[in-house]
Amino acid sequence: MDFTPTEPQAEARELAARIFADLATHERLRAAGTGSDPELWKALSAAGLVAAVPELGLLGLVLLLEEQGRTTAQVPYAASCVYGQLAITAHGTAEQRERLLPGIGEGSLVVTGAFPAQPTVRPSGRGRLRGAVPVVPWLRDATHVLVADAERELWLVALGEGTGIEETELTAPWSAGRLTLDDTPAEPLGSGTPSHAGPALGSGTPSHAGSAPGAYADVLATARTAFAGLQAGVCAGSLARAVAHTNTREQFGRPLATRQAVQLRAADAHMDTEAIRVTAYEAAWRRDAGLPYATHALTAAWWASEAGQRVVHTGQHLHGGAGADVEHPVHRHFLWGRQLDAYLGSGGEVLQELGELIASAD
């Protein structure tokens, strides 16, 4: 395994870090409220950081999402890249790729995902869906939704005719909404066979008809890996703020950072953050290399859930009374971390899924 970024990946990460640092400031985030920052989204798209994702691979995307997480920048970057760029590139037809990828790359089309599969969503006729998805992150920013139905088939839905969107507030400000499908026109992702050789998920991974075989499992594993990378950035940003605070805040004439209890708590948070990061890197690297990565994606998701909530609690706790201020920047990391720790499955859920997957492979 070699997680060293390629030159294009390293350059993209440096560019993303500059854009996020310049535009995702505390003042702009406060002004955005629970919505997204359209100027930041335009800047990322204009810089080619959305269009380049298929070339950079999942590991490249994880590196970029770390930079977003450090600043908790409010743009649908992870969603549109995972459910749009990577999903359509891997499993869409040639016509779908030609029609949709340019718009997604330039930011005029935004894709989010109704994941995991919803038992209430079912086809109601040829090319139509019926059902409801209680919460879809970034739905209010999206032009398209990648919907997983009860049979784990994937459908692309252009928001408009037959769709209802009701604003929903999450713990984190992710422009979420409730999606209602009422005989809504939809097109299957792919044509029932892969458009090209896709990544290997590994034994024990289900394959489903309709969309490309294994498409649902691959997109879900990709999403879990990518959002684990986002969580690594959120945790790193929270810890960086805590370190800065404890180095400058004095108690009884000494910085808080000189206290052994503070040092140990910060060290534990650092190790947890590194565990999230390295497991996300490994899963992403294996997908890019065409190796089985189903268990690795679940491992990354487990660390992102279990360790992620520990880290953001630590970041808030080490701020003392300031950490209880909902207007303080570290509180935003806390909200994001708690939202990410349950998105696409809580720690207990993904651990059970991992155990079942390992057992089925024996």
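Author: A pocket here, on a 1 Å grid over the protein atoms alone, is an open set of points with protein on both sides within 12 Å along at least five of seven lines, and lining residues have an atom within 4 Å of a point. Grid points are joined across faces, edges and corners, and the volume is the space filled by probe spheres set on them. Keep in mind that this is a predicted model, where local features need pLDDT of at least 70 and side-chain atom pairs pLDDT 80 or more, while totals for chains, interfaces and linings use all residues. Residues are numbered from 1 along each chain as its sequence is written, and side-chain values use heavy atoms, with hydrogens and water left out.

So who lines this pocket? Out of 13 lining residues, Gly 33, Pro 173, Val 326, Arg 332 and Leu 335 sit closest to its centre. Two elements, α2 and α10, each give two or more residues to the lining; helices are DSSP runs of H or I with at least four residues, numbered from the N terminus. By class, you get four nonpolar, six polar and three charged residues. Nonpolar means Ala, Val, Leu, Ile, Met, Phe, Trp, Tyr, Cys and Pro, charged means Asp, Glu, Lys and Arg, and the others, Gly among them, are polar.

Take α10 (residues 329-340), which holds His 331. With 12% relative accessibility, His 331 counts as buried, as that label means under 20%, with exposed over 50% and partly exposed in between (1.4 Å probe, protein chains only). Leaving aside residues up to four places away in sequence, His 331 touches Gln 316, Gly 323, Asp 325 and Val 326, where touching means heavy atoms within 4.5 Å.

Now the α2 side. Arg 28 lies in helix α2 and is partly exposed, at 26%. Beyond its neighbours up to four places away in sequence, Arg 28 touches Leu 23, Asp 37, Glu 39 and Leu 40. Asp 2 is 26 residues from Arg 28 along the chain, yet their C-alpha atoms are 37 Å apart.

Along with Leu 23, Ala 24, Leu 29, Ala 32, Asp 37, Leu 40 and Gln 74, Arg 28 lines the second largest cavity, a cavity being a set of points where a 1.4 Å probe fits but cannot get out. That cavity has about 40 Å³, and helix α2 (residues 26-32) gives the most to its lining, with three residues. The lining splits into five nonpolar, one polar and two charged residues.

A search of the whole structure turns up two cavities of 30 Å³ or more. The largest cavity holds about 90 Å³, and its lining includes Arg 224, Phe 227, Ala 301, Tyr 343 and Val 350. Here α7 and α9 (294-317) are the elements that give two or more residues.

Last stop, α7 itself. Of its 34 residues, 28 are buried, so α7 is largely enclosed by the rest of the structure. The largest nonpolar core has 77 residues, with Phe 227 and Tyr 77 among those with the most contacts inside it, and α7 gives the most to this core, with 14 residues. Such a core is a set of buried Ala, Val, Leu, Ile, Met, Phe, Trp, Tyr and Cys residues joined through side-chain atoms within 4.5 Å.
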